[in-house]
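Have a look at it first, then read on.

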Number of protein chains: 2
Amino acid sequence: MITLAMGNGGVENRDLIEKVIFRHLGNDLLAQAEDGTAIGSLPKAIFTTDSFTISPLFFPGGDIGKLAVAGACNDLAMMGARPKFLSCSFIIEEGFSLRDFQRILRSMAKELSLNQAQIVTGDTKVVPKGSCDGLYINISAIGEQVADVSQGYLKPGLAILISGSVAKHGAAIFAAREGIELQSDLMSDCKSLWPVVEELLSVEGIKAMRDATRGGVAAVLNEWARAAGVGIEIDEGAVPVTEEVRGICEMLGFEPLVLANEGTFVVAVEPESAPAALEVLRRYDPDASLIGRVQEEYAGRVVLRSQWGTRRFLDMPSGEILPRIC
Amino acid sequence: MITLAMGNGGVENRDLIEKVIFRHLGNDLLAQAEDGTAIGSLPKAIFTTDSFTISPLFFPGGDIGKLAVAGACNDLAMMGARPKFLSCSFIIEEGFSLRDFQRILRSMAKELSLNQAQIVTGDTKVVPKGSCDGLYINISAIGEQVADVSQGYLKPGLAILISGSVAKHGAAIFAAREGIELQSDLMSDCKSLWPVVEELLSVEGIKAMRDATRGGVAAVLNEWARAAGVGIEIDEGAVPVTEEVRGICEMLGFEPLVLANEGTFVVAVEPESAPAALEVLRRYDPDASLIGRVQEEYAGRVVLRSQWGTRRFLDMPSGEILPRIC
């Protein structure tokens with residue numbers, strides 16, 4: 001069990017770090033950390049941060065540890081950057097199970113190895129019972145940019161791809177929270193994207209990528225349209241959604257396009273390269289699809305074209321959409 | 001008031017970030033952030049992270065915002081690194097006062113400017129009432145190392161200095177929590193150390209620095225002794241402690257050497273440079289003092305020599321020492 005003393009800056013704190021955390025996350029750089037860690041010279045660095053407060057901590061398809069490492073590394077991958085150096089900060093509630101903590105550390109170690117990234121500096125706080133809900137993790141991450149991708153490169157004519165079926169994370173967390181038992185294997189899409197992204201970047205003409213986390217695909221497309229001053233048209237029928245996810249969305253009263261994903265991303269690519277890009281994406285997920293295109297019309301807005309040919313705006317999501325989803 | 005919708009990844013989230021947070025912390029790099037921020041080329045980078053869960057959020061001498069920026073930048077300063085790029089991640093409890101949040105943002109902006117550092121990437125989560133206590137902040141920070149200092153350079157003969165009187169932060173937080181009204185101005189020592197450190201580094205022979213946060217001076221010295229395999233002897237009577245702090249320590253039953261500081265640091269320096277180093281330190285705080293020396297005897301241990309000539313070990317602190325002190 002985690003005790004308050006384990007956050008005291010003294011003996012118990014040191015033991016938690018050296019005997020528990022280092023056992024799973026240890027490496028030469030972390031062992032040399034003092035108040036910070038020397039990580040040498042970085043040529044084209046990308047820096048990102050994310051705090052994870054998900055509930056429940058363990059869910060079908062992952063846990064907060066996998067989610068935290070994958071989520072932070074995915075932010076780097078979306079910037080065309082190879083994940084390298086991570087910081088890790090735990091806020092742990094007094095009384096938290098040491099066994100669960102170790103299970104989470106193991107997930108983190110596995111995900112780090114998939115990204116070939118290291119945790120090089122860390123922090124551990126323990127707060128009294130009731131001051132947080134179990135465990136929160138912050139990961140900040142530094143990567144090395146290997147491809148020049150940005151929402152700034154969006155322009156009319158680009159094809160919009162999605163790397164897999166949408167809303168699985170949001171739907172799985174909702175089902176887990178509500179204790180909904182489905183006769184199916186509804187699972188979060190939580191996964192590390194650097195492996196597929198690294199391969200995808202060998203295709204010419206990749207202009208921008210974004211993982212569709214909080215706010216879902218709707219948030220990504222609206223941010224893109226607004227930031228680049230372009231319109232984006234999506235063919236609603238082309239967006240892959242599984243039957244189970246559609247069922248959950250109907251219960252929730254949310255569109256699949258606003259629910260969170262944790263391993264599914266949107267790609268903007270030159271139209272002539274779309275087939276090659278899709279081929280790479282489908283090697284990792286057969287549901288990857290071409291779902292729309294960037295256009296001049298309706299600059300700043302996202303237009304959804306239904307299967308019956310009607311059009312409506314897909315707005316930036318608003319309101320309370322599943323708090324503590326990540 | 002902060003609402004759950006402000007953490008949704010949608011409209012309200014964007015408004016909180018762009019209309020509130022950017023107003024205080026905005027800069028060109030932050031404005032360009034996508035999933036991460038390009039920070040260019042870093043020659044000798046130091047990376048550090050710290051989460052802040054202090055209670056109360058406002059205390060005599062500072063608040064969680066000042067503490068967070070100063071604390072993270074101080075970790076870089078202690079590594080001989082100039083603070084440069086910071087990430088900032090907020091976990092905010094639903095219902096938190098927007099006015100208090102803005103007051104905290106203003107403190108952060110002020111402290112950033114003292115360090116000439118920028119927040120270049122961020123994250124904002126809102127959790128339901130009861131899932132955290134008000135506000136937690138993580139700051140991860142990247143600095144550029146300008147001096148080669150490390151606990152690895154500790155060796156017998158070095159002088160040990162302290163930059164000011166000890167335990168003010170721990171004592172002030174305890175007094176604030178317990179509602180102890182003192183006829184004095186007991187205040188936290190919370191402050192940014194880069195200005196004094198930058199000047200101090202112009203003195204030859206500075207070997208190691210460490211700010212004495214959680215676990216206090218006792219934790220720093222014990223970590224140093226253990227890591228470098230040296231002994232450290234401290235002259236108890238030479239350690240500056242104010243009368244008010246001593247009074248609080250007696251109430252608490254703790255030694256001033258185990259209580260937290262947030263702007264006071266220990267320096268190991270070649271003995272012939274100690275006077276010059278002290279002169280710099282005293283320009284910032286007249287209480288700066290020479291308090292001991294590194295020795296061969298009792299390797300791995302810290303020895304406290306009392307005013308009556310007796311000696312005892314000063315151990316690594318243990319047990320519950322004021323949780324949520326930082």
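Is the crossing of helix 5 of chain B and helix 8 of chain B left-handed or right-handed? Keep in mind while looking that this is a predicted model.

## Two helices that cross

The crossing in question is left-handed: that is how helix 5 of chain B passes helix 8 of chain B. In general, a packed pair of helices is described by the angle between the two axes and by the distance between them. For helix 5 (residues 168-178) and helix 8 (residues 243-252) of chain B, the axes come within 9 Å and the angle is roughly 65°.

Who meets whom? On the helix 5 side of chain B you will find B:Lys168, B:Ala171, B:Phe174 and B:Ala175, and they meet B:Val245, B:Ile248, B:Cys249 and B:Leu252 of helix 8. Sorted by class, this contact has seven nonpolar residues, no polar ones and one charged residue.

## Two domains in chain A

Now switch to chain A, which is divided into domain 1 (4-145) and domain 2 (151-313). Their centres, taken over C-alpha atoms, are 28 Å apart. The two domains of chain A do touch: 19 residues of domain 1 are in contact with 22 residues of domain 2.

Which elements supply at least two residues each to the domain 1 side of this contact in chain A? They are helix 3 (64-78), strand 4 (81-93) and helix 4 (98-115). Helix 3 of chain A gives the largest share, with eight residues. By class, the domain 1 side that touches domain 2 in chain A has ten nonpolar, six polar and three charged residues.

## How the two chains are related

As a general point, two copies of a chain are related by a rotation about an axis plus a shift along it.

## Where the chains meet

How many residues does the contact take from chain A and from chain B? It takes 67 from chain A and 67 from chain B. Several elements give two or more residues to the side of chain A that touches chain B, among them helix 1 (11-25), strand 5 (118-127) and strand 6 (135-145) of chain A. The largest share of that side comes from strand 1 of chain A, with 15 residues. The class count for the side of chain A that touches chain B is 28 nonpolar, 26 polar and 13 charged residues.

Why can we say that the copies meet through the same surface? Because 100% of the interface residues of chain A are also interface residues in chain B.

## A sheet in chain A

Chain A has an open sheet of seven strands in the order 8-10-7-11-9-12-13, with mixed pairing. At its edges are strand 8 (206-211) and strand 13 (311-313) of chain A, each of which pairs on one side only. Ignoring direction, neighbouring strands of this sheet are turned by 25° against each other on average.

Inside the order, strand 7 (residues 159-162) and strand 10 (residues 265-269) of chain A run antiparallel and are joined by four bridges. Here A:Ala159 stands opposite A:Val269. Helix 9 (residues 274-284) of chain A lies across strands 7, 8, 10 and 11 of chain A, at about 5° to strand 7.

Most residues other than glycine have a negative phi, and most peptide bonds are trans. The bond from A:Ser55 to A:Pro56 is cis, with omega near 0°, and A:Pro56 sits in the loop between strand 1 and strand 2 (58-59) of chain A. In chain B, a cis peptide bond joins B:Ser55 and B:Pro56, with B:Pro56 in the loop between strand 1 and strand 2 of chain B.

A:Gln116 has a positive phi, near 50°, although it is not a glycine. You will find A:Gln116 in the loop between helix 4 and strand 5 of chain A.

Terms used:
Residues numbered from 1 in each chain as written. Chains lettered and ligands numbered in written order. Predicted model: local features only at pLDDT ≥ 70, side-chain atom pairs only at ≥ 80, totals over all residues. Axes fitted to C-alpha atoms, helices over the stretch in contact; angles between N-to-C directions. Left-handed = near helix turned anticlockwise from the far one by under 90°. Contact = placed C-beta atoms within 7 Å. Nonpolar A, V, L, I, M, F, W, Y, C, P; charged D, E, K, R; others polar. Domains from an automatic or database assignment. Pairing = 2+ DSSP bridges.
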